[in-house]
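Subject: Structure handover

Hi,

Here is the structure I promised to pass on. Have a look at it first, and then read on for what turned up.

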Amino acid sequence: MSNAVPSAQPEDESAQKIYLPRTSESETLKKIRHTTSHVMAMAVQKLFPKAQVTIGPWIENGFYYDFDSPEPFTEKDLKAIKKEMTKIINRKLPVIREEVSREEAERRIKALGEPYKLEILADLKEPITIYHLGDQWWDLCAGPHVESTAELNPDAIALESVAGAYWRGDETKAQLQRIYGTAWETPEQLAEYHRRKEEALRRDHRKLGKELGLFIFTDIVGPGLPLWTPKGTLLRSLLEDFLKQEQIKRGYLPVVTPHIGRVDLFKTSGHWQKYREDLFPMMAESDEARQHEEGFVLKAMNCPFHVQIYKSQLRSYRELPMRLAEFGTVYRYEQSGELGGLTRVRGFTQDDAHLFVTPEQLDDEFMKVVDLIQSVFGALQLKNFKARLSFRDPASDKYIGSDEAWEKAQNAIQRAAETLNLPHFVGIGEAAFYGPKLDFMVRDAIEREWQLGTVQVDYNLPERFDLEYVAEDGSRKRPVMIHRAPFGSLERLIGILIEEYAGDFPLWLAPVQVRLMCVTEEQMPFAQSVVEQMRSHAIRAELDTSGERLGKMIRNAEKDKIPVMAVIGAKEMETQSLSIRTRASGELGALPVAEVLERLTGAIAHYGNF
């Protein structure tokens with residue numbers, strides 16, 4: 001592919017060289033952040049003696065602690081807490097691990113008057129460990145921690161915000177206050193972290209989406225339910241059409257399925273039993289029907305519907321692999337506090353497909369799907385990604401199916417990753433409840449990680465729905481299912497792309513690719529004829545008819561992030577040319593209209609720049 005659109009770069013290029021690992025990638029940071037959260041809790045309880053502590057884990061870029069406090073924490077309080085934390089750190093308190101019996105832990109907790117700790121203790125497995133900060137403060141914790149607060153750098157620590165949180169994440173339980181913080185090894189890392197946060201705000205898809213006129217949310221429609229404007233709808237259509245064309249080349253068959261289905265469908269698939277709290281409430285015709293769980297639900301996934309299309313007639317091995325694809329809108333009852341712009345919504349469209357294959361076809365088909373996803377990422381100019389082998393946690397009971405089926409499915413994914421030389425890592429416990437996955441984790445322009453494309457191997461749904469095909473020898477055999485979604489969801493993908501490009505979409509994806517601007521009214525008829533020529537070549541062009549001065553029109557086009565701007569004055573009209581300015585390459589000078597058309601169509605066809 002030609003010329004990728006350059007991402008907006010920070011002015012300080014040296015900042016790019018500072019590596020900021022996630023907590024899960026660094027044992028050192030894990031210890032620092034665990035210990036810092038304890039220091040923060042100790043500081044809070046010193047300043048606010050009535051505050052009770054609950055949990056205080058590390059998170060990928062820092063830590064938090066939840067408190068039950070009668071008074072709300074303010075920004076001023078955060079400054080005071082940070083100052084007290086610095087005092088505690090400078091006292092160089094030893095961090096001491098102690099193993100105690102359950103009875104002894106219970107006795108000490110009751111002596112402190114900390115009811116939340118008692119609930120936490122009830123869920124803990126042996127051994128019960130307590131970590132002390134000197135002889136001043138302690139909490140139940142599994143660790144790890146540094147050996148002394150002297151190992152913490154106060155200048156590499158920041159308290160960031162206060163938010164509400166429910167105890168145990170349950171809206172029926174107590175409302176707590178959560179203090180978020182971050183901690184690093186060096187002040188330079190903290191400064192780079194803050195720089196990236198500021199850059200993230202500049203790229204925020206909610207802000208840019210509104211400025212570019214792509215989508216809106218309204219309270220009267222409901223949270224987590226985006227409304228797409230004409231420009232946003234065009235962007236969605238471009239992505240859909242691109243993937244549909246790629247799928248047709250690879251033998252996919254389009255299908256359309258309903259937005260609702262009987263509860264029994266999801267009972268058979270297992271989603272009702274395993275996924276019920278994430279579904280919207282059941283629609284029943286009567287109280288009796290509701291009592292017997294007879295009704296309909298909004299679909300939260302497309303796979304059971306595609307299974308029904310496969311099962312509508314007996315299939316021969318000659319029909320396999322069968323690849324059924326749908327841009328299917330699904331609905332999930334996300335909690336209000338978990339919604340976030342387009343990246344976490346309640347109604348979204350998946351680029352879903354389900355492949356029904358023989359066991360012998362599995363490896364080849366799986367690798368073809370991975371090739372498709374890589375082609376998609378190439379067109380979207382997403383280069384920094386790795387694969388996560390999302391396997392089940394054998395200790396968990398959230399999965400369905402036999403150990404043998406899981407072993408076969410996980411082995412197939414492992415073989416594919418190794419055969420394709422994909423950079424990958426294993427994520428235990430990240431599997432879907434019915435099968436393991438290969439998830440593509442993409443790092444964006446400011447080093448945040450997002451999950452996009454996914455491929456899943458599934459032996460369980462074919463078993464639960466009793467799927468069969470007639471083998472070459474005339475016997476009945478069970479197919480294997482591959483679930484795949486290169487985009488994941490259109491909503492989430494668009495949100496991520498807005499932030500990755502900082503609103504500067506590649507030429508082929510931009511809702512408006514070219515804007516023409518005239519120096520005077522005299523050039524308007526010629527400009528309109530050029531717009532019509534461009535549109536006849538499937539180029540999305542428009543003419544600025546605002547009547548503003550040329551300088552203002554150019555500034556508006558820059559603000560709207562139009563990839564190609566064409567200025568027409570008396571000379572351009574006389575020579576049948578356009579004075580071209582692009583966001584990717586700057587001023588290109590006057591070019592004949594025919595050349596502009598040729599270069600535009602070529603760049604768009606090859607997902608490149610003008």
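How many residues does the largest nonpolar core have, and which of them have the most contacts inside it? This is a predicted model, by the way. The core has 88 residues, and Leu380, Leu516 and Met534 are the ones with the most contacts within it. Helix α12 (residues 362-379) gives the largest share of this core, nine residues.

Leaving aside residues up to four places away in sequence, Met534 touches Val514, Leu516, Ile539, Ala541, Leu578, Val596, Leu597 and Leu600. Another core, of 37 residues, lies apart from that one, and Met40, Tyr131, Ala156 and Ile179 are among its members. As background, nonpolar side chains tend to be buried together in soluble globular proteins.

Next, the aromatic rings. Searching the whole structure gives 19 aromatic pairs. One of them is Phe242 with Tyr607: the ring centres are 5.4 Å apart and the planes are at 80°, so this pair counts as edge-to-face. Phe242 belongs to helix α7 (residues 230-249), while Tyr607 is in the segment after α19 (593-605), so the pair ties together parts 365 residues apart in sequence. Both Phe242 and Tyr607 are buried. Elsewhere, Phe48, Tyr65, Phe67 and Phe73 make up one aromatic cluster.

Finally, two charges over rings. Arg178 has its charged end over the ring of Tyr64, 3.8 Å from the ring's centre. Lys299 lies over the face of Phe305, and there the distance to the ring centre is 5.0 Å.

Cheers

Definitions and conventions:
Residues numbered from 1 in each chain as written. Predicted model: local features only at pLDDT ≥ 70, side-chain atom pairs only at ≥ 80, totals over all residues. Heavy atoms only, no water. Core = buried A, V, L, I, M, F, W, Y, C linked by side-chain atoms within 4.5 Å. Buried < 20%, exposed > 50% of the residue type's maximum accessible area, 1.4 Å probe, protein only. Helix = DSSP H or I, 4+ residues; strand = E, 2+ residues; numbered from the N terminus. Contact = heavy atoms within 4.5 Å. Phe/Tyr/Trp six-rings, centres within 6.5 Å; stacked < 30°, edge-to-face > 60°. Lys NZ or Arg CZ within 6 Å of the ring centre and 35° of its normal.
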